[in-house]
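Good morning, and thank you for coming.

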Amino acid sequence: MRVLVVYCHPCAESFNAAVKETVLSTLEGAGHDIRLIDLYAQGFEPAMSAEERRGYHEPDSNAQPVAEHVDAINWCEMIVFVYPTWWFGLPAMLKGWFDRVWVPHVTFEMPTERSGMRPKMQHIKKIAVVTTCGATWLVSKLMGEPGRKTILRGMRALCATNCRTLYLAHYKMDTSTPETRNRYLAKIRHHLGKF
């Protein structure tokens, strides 16, 4: 498959960087065609400008400021997100990527008085989230996992009707050990390899 990996972490020495490398090597080993978007390394600007917001509903021109990213989401059949869960949600950089890249007329048609919103990303058939969470599994569930819902419910609604999803999280990251981290990397290789 054509797989887009969207990576979001500011530190090259982080465990998330090791997670990203594990994701890439697993996908490469399975023979997929891969593109990587490293938001911090590319200096992606997550804040939408006033000019962008004013033109947000304009077909074609709304995608011009982020044309390379729009091309990538139109190219792929599968997206894998690799990021740390901060405050139970998406890092600001990744949330800004959704705000600026998943624009109307590219990813969905705006609702009208006669019809609801229409998804336009039916070529995306699989979505995977590979993340780390400082909190426990229980606390994450009690808080509602807004980051997970943004991607696996909100974004998925714009994709193929039968779009499959995978969610892999390393909980209790703040008290993790080399053993728990190695088990998580093995879990990624196993589950993502089968996905």
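I shall take the cavity, then the pocket, then the strands.

This is a predicted model, in which local features need pLDDT of at least 70 and side-chain atom pairs count only at pLDDT 80 or more, while totals for chains, interfaces and linings use all residues. Residues are numbered from 1 along each chain as its sequence is written, and side-chain values use heavy atoms, with hydrogens and water left out.

A search of the whole structure gives 1 cavity of 30 Å³ or more. On a 1 Å grid over the protein atoms alone, a cavity is a set of points where a 1.4 Å probe fits but cannot get out, whereas a pocket is an open set with protein on both sides within 12 Å along at least five of seven lines; lining residues have an atom within 4 Å of a point. The largest cavity holds about 50 Å³, volume being the space filled by probe spheres set on the points. Its lining includes T85, C133, E145 and R148.

The largest pocket holds about 220 Å³. Of its 16 lining residues, T85, W86, T132, C133 and G134 lie nearest the centre. Helix α1 (15-29) and strands β3 (78-85) and β6 (126-133) each supply at least two lining residues; helices (H or I, at least four residues) and strands (E, at least two) are DSSP runs, numbered from the N terminus.

How many residues of β3 are buried? The count is 8 of 8, buried meaning under 20% relative accessible area with a 1.4 Å probe, protein chains only. β3 pairs with β6 in the parallel sense over 8 bridges, where pairing requires at least two DSSP bridges between two strands. I79 has I127 in β6 as its bridge partner.

Note on methods:
Buried < 20%, exposed > 50% of the residue type's maximum accessible area, 1.4 Å probe, protein only.
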